[in-house]
Amino acid sequence: MTTDSFDNTVLDADKPVLVDFWAPWCGPCKQLSPIVTGIAEEHQDKIAVVQVDIDANPDIAVRYSVLSIPTLILFSAGRPVATLTAPRNRATILKALSSWL
């Protein structure tokens, strides 16, 4: 995901999009990645999931006030509707997304 593709992919999406803000050097991000990937695969008919590398795309992180990672933001109809900062497990994420799944 890049700055150029963010608006089209996330804000103009037909269904809710979960954005995973991460960085390659972030240990907790690496631990969370398989959980987010699993949720994406299981619920691909209801939500889309994309990743934003904050080092490569800092402007997107600034635009949505991402101050720590990992951070997950769910967008629906082009606007952020749920934010999870440093989610630790699958249950926490699924609970936050339950209205959209």
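Residues are numbered from 1 along each chain as its sequence is written, and side-chain values use heavy atoms, with hydrogens and water left out. Because the model is predicted, local features need pLDDT of at least 70 and side-chain atom pairs count only at pLDDT 80 or more, whereas totals for chains, interfaces and linings use all residues.

**Nonpolar cores**

A nonpolar core is a set of buried Ala, Val, Leu, Ile, Met, Phe, Trp, Tyr and Cys residues joined through side-chain atoms within 4.5 Å, where buried means under 20% relative accessible area, exposed over 50% and partly exposed in between (1.4 Å probe, protein chains only). The largest such core has 19 residues, and those that touch the most other members are Phe 6, Val 10, Val 19, Phe 21, Tyr 64, Ile 69 and Phe 75. At least two residues of this core come from each of α1 (3-11), β1 (17-22), β2 (48-53), α3 (58-63) and β3 (71-76); helices (H or I, at least four residues) and strands (E, at least two) are DSSP runs, numbered from the N terminus. Leaving aside residues up to four places away in sequence, Tyr 64 touches Phe 6, Leu 11, Ile 73, Phe 75 and Pro 80, a contact being heavy atoms within 4.5 Å. A second, separate core holds eleven residues, including Leu 18, Ile 39, Leu 74 and Ile 93.

**Salt bridges**

The structure holds two salt bridges, each defined as a side-chain nitrogen of Lys or Arg within 4 Å of a carboxyl oxygen of Asp or Glu.

| Pair | N to O distance | Relative accessibility |
|---|---|---|
| Arg 63 and Asp 7 | 2.5 Å | Arg 63 41%, Asp 7 33% |
| Glu 42 and Arg 90 | 2.5 Å | Glu 42 45%, Arg 90 33% |

Arg 63 in helix α3 and Asp 7 in helix α1 are 56 residues apart, so this pair links distant parts of the chain. Glu 42 lies in helix α2 (residues 27-42) and Arg 90 in helix α4 (residues 90-97), so their pair ties together parts that are 48 residues apart in sequence.

**Helices α2 and α4**

The axes of α2 and α4, which are lines fitted to C-alpha atoms over the stretch in contact, come within 10 Å and cross at roughly 40°. The two helices are therefore oblique to each other, since angles under 35 degrees count as roughly parallel, over 145 as roughly antiparallel, 65 to 115 as roughly perpendicular and the rest as oblique. Where they meet, Leu 32, Ile 35, Val 36, Gly 38, Ile 39 and Glu 42 in α2 face Arg 90, Ile 93, Leu 94 and Leu 97 in α4.

Technical notes. Axes are lines fitted to C-alpha atoms, for helices over the stretch in contact, and angles run from 0 to 180 degrees between N-to-C directions.
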